[in-house]
Each structure stands twice: as structure tokens, then as C-alpha cells.
Amino acid sequence: MAAESSFDVVSKLDRQEVDNALNQTGKELSQRFDFKGTGTTIAWQGEDGIEIKSGSEERAAAALDVFKEKLVKRKLSLKILDAAEEAKISGKEYRLPISLKEGISSEDAKKISKLIRDEGPKGVKAQIQGEELRVSSKKKDDLQSVMNLIKEKDFDLALQFVNYR
């Protein structure tokens, strides 16, 4: 009897890569001509938040675009960002708060689990374990097709597949 194979579906941040992208963005903002004199900065705000400060709303939005560009270059999904739609005005300064999303909520885990049950191959089991989802099956080919199925559906999460056994 063959042992069951499995993998975990997770949504994790590579904090070092995010920090590198943040530092590169800060450096570019300090050097670029179109940001000179606008007081535009980007910095960590707590454990999982980033804040962009600027003298104008347009420069704050442009700084966000530069940050997104740096994230993409570092192979990070833009789905980890949860940016406010509009910059908040604080005196003469515009502040754009950005929170970073990590982990799969139980609601999203249920959606993924339902997708696997409804559209996945027979004999594949999905169980929710905290902020991750374990998918197991006797056939490795079935697990591959489940991975492709999850990749095709556009969940509003940056999903990774880990612990493939």
C-alpha cells in the first residue's frame, strides 16, 4: 500500500525581501529628480505595515508604484499589499498606509477546500490547519492537478505550495 503524499498551501511573506524592496525604494525616492523637495519617504510602520509620506498626493501614489515595481523585481506578489485607496492628509503631509497580508483566513481556506472537493480529483483530501491548508492524496499526479487548479483560480492571496512529500 502506497503512503499518502501531501503538500501545504500557505500565504507567507518573505520579510527580508520586502525589507530589501523597501530600502531600494527609499534610496530611489531620495535620488530621483521628480521626488526632490517633495519630502517623500517610505518606512516600516509596526510589524506588518508600511507608510508612505509625501508633500503631495500624486507623489505618494508615484512612490507606491516605485515600491510595487521593486516588489515585482524581487519576485513577490502584489497580492501581499493592502494599500489604502486615498492618502490621508495630516497637516500639510499626505500619508498612505499599506498593510501586508499574510496567512490564509479560515474563510479563504474554506473556499479553497470547497474548490478542491468540487473540482479536484477523487480521493484528494484537504484539511484546514490554522492559517494553512494541507492537501493529501495517494497519487502524486492528483496533487499536481490540484496545484494547477488552485493556481488557475484567482484568490486574492499570494499562495505558495510547501512541504511537498
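Predicted model: local features only at pLDDT ≥ 70, side-chain atom pairs only at ≥ 80, totals over all residues.
**Stop 1: H1 and H2**

Select residues 15-31, which form helix H1, and residues 57-73, which form helix H2. Their axes lie 9 Å apart, and the helices pack at an angle of about 135 degrees. Angles over 145 degrees count as roughly antiparallel and 65 to 115 as roughly perpendicular, so H1 is oblique to H2. The crossing of H1 past H2 is right-handed.

Now show the side chains where the two helices touch. On H1, pick Val-18, Ala-21, Leu-22, Gln-24, Thr-25, Glu-28 and Leu-29. On H2, pick Ala-63, Val-66, Phe-67, Lys-70 and Leu-71. Coloured by class, this contact shows eight nonpolar, two polar and two charged residues.

**Stop 2: H3 and H4**

Next, select helix H3, residues 106-119, and helix H4, residues 140-152. The axes come within 11 Å and cross at roughly 125 degrees. H3 and H4 are therefore oblique to each other, and H3 passes H4 in a right-handed crossing.

H3 contributes Ile-112, Leu-115, Ile-116 and Glu-119 to the contact, while H4 contributes Val-146, Leu-149 and Ile-150. Which classes do the residues of this contact fall into? Six are nonpolar, none is polar and one is charged.

**Stop 3: the largest pocket**

Finally, select Lys-12, Leu-13, Asp-14, Lys-75, Leu-76, Ser-77, Lys-79, Ile-80, Leu-157, Ala-158, Leu-159 and Gln-160, which line the largest pocket. The space in this pocket is about 160 Å³. Its lining has six nonpolar, two polar and four charged residues.

Conventions
Residues numbered from 1 in each chain as written. Heavy atoms only, no water. Axes fitted to C-alpha atoms, helices over the stretch in contact; angles between N-to-C directions. Helix = DSSP H or I, 4+ residues; strand = E, 2+ residues; numbered from the N terminus. Parallel < 35°, antiparallel > 145°, perpendicular 65-115°, else oblique. Left-handed = near helix turned anticlockwise from the far one by under 90°. Contact = heavy atoms within 4.5 Å. Nonpolar A, V, L, I, M, F, W, Y, C, P; charged D, E, K, R; others polar. 1 Å grid on protein atoms, 1.4 Å probe; cavity = no way out; pocket = protein on both sides within 12 Å on 5 of 7 lines; lining within 4 Å. Points joined across faces, edges and corners; volume = space filled by probe spheres on them.
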